[in-house]
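I opened my notebook to get to know a new structure. Here is what I looked up, entry by entry.

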Amino acid sequence: MTTQSNSYDDLIDFIILGKSPEEIIAFRPSEESGARVHFLIVQEKNAKLSKNEKAELDHYLFLEHIIRLAKARARKVLRQ
């Protein structure tokens, strides 16, 4: 399983490496991160998340929101 910090690593790398608007729009989390989030969502639906897992899922969902905002802004830049 991926740990919380490993789940964030690809997002952190993405943010700090100064990407073009096209690269921002094309960004997708790693398969490993996606699998971890899927696992957490399934566990949440089955009411089997620990406090730490719930916090991990909440953090990931917040970061996903930030990435969506970055993608929206990148699309806006490309339209200008």
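I started with E64 and found its place in helix α4; helices here are DSSP runs of H or I with at least four residues, strands are runs of E with at least two, and both are numbered from the N terminus. This is a predicted model, where local features need pLDDT of at least 70 and side-chain atom pairs count only at pLDDT 80 or more, while totals for chains, interfaces and linings use all residues. Residues are numbered from 1 along each chain as its sequence is written, and side-chain values use heavy atoms, with hydrogens and water left out.

**Entry: D10.** P29 came up again here, as D10 and P29 are 6.7 Å apart from C-alpha to C-alpha and 19 residues apart in sequence. D10 lies in helix α1 and counts as buried because its relative accessibility is 18%. Setting aside neighbours within four places in sequence, I listed F27, P29, S30 and S33 as being in contact with D10; contact means heavy atoms within 4.5 Å.

Entry: F14 lies in helix α1, residues 4-16. At 8% relative accessibility, F14 counts as buried. Which residues does F14 touch, leaving aside its neighbours within four places in sequence? I found K19, E23, I24, F27 and I67. The C-alpha atoms of F14 and I67 are separated by 9.7 Å, although these two are 53 residues apart along the chain.

F14 and I67 both belong to the largest nonpolar core, whose six residues also include I24, I25, F27 and A74. Such a core is a set of buried Ala, Val, Leu, Ile, Met, Phe, Trp, Tyr and Cys residues joined through side-chain atoms within 4.5 Å. Helices α2 (21-26) and α4 are the elements that give two or more residues to this core.

**Entry: α3 and α4.** I then turned to helix α3 (residues 31-45) and helix α4 (residues 51-79), whose axes come within 10 Å and cross at roughly 125°. The axes are lines fitted to C-alpha atoms, over the stretch in contact for helices, and angles run from 0 to 180 degrees between N-to-C directions. The two helices are therefore oblique to each other. On the α3 side, the contact is made by R36, V37, F39, L40, I41 and E44; on the α4 side, by E53, K54, E56, L57 and Y60.

**Entry: A47.** A47 lies in the loop between α3 and α4. I noted a positive phi of about 55° for A47, although it is not a glycine. Most residues other than glycine have a negative phi. A47 is exposed because its relative accessible area is 71%.

**Entry: the whole chain.** How many helices and strands are there? I found four helices and zero strands, in the pattern α-α-α-α along the sequence. Of the 80 residues of the chain, 26% count as buried. Among contacts with a separation of 6 or more, 62% are between residues 24 or more positions apart.

Key:
Parallel < 35°, antiparallel > 145°, perpendicular 65-115°, else oblique. Buried < 20%, exposed > 50% of the residue type's maximum accessible area, 1.4 Å probe, protein only.
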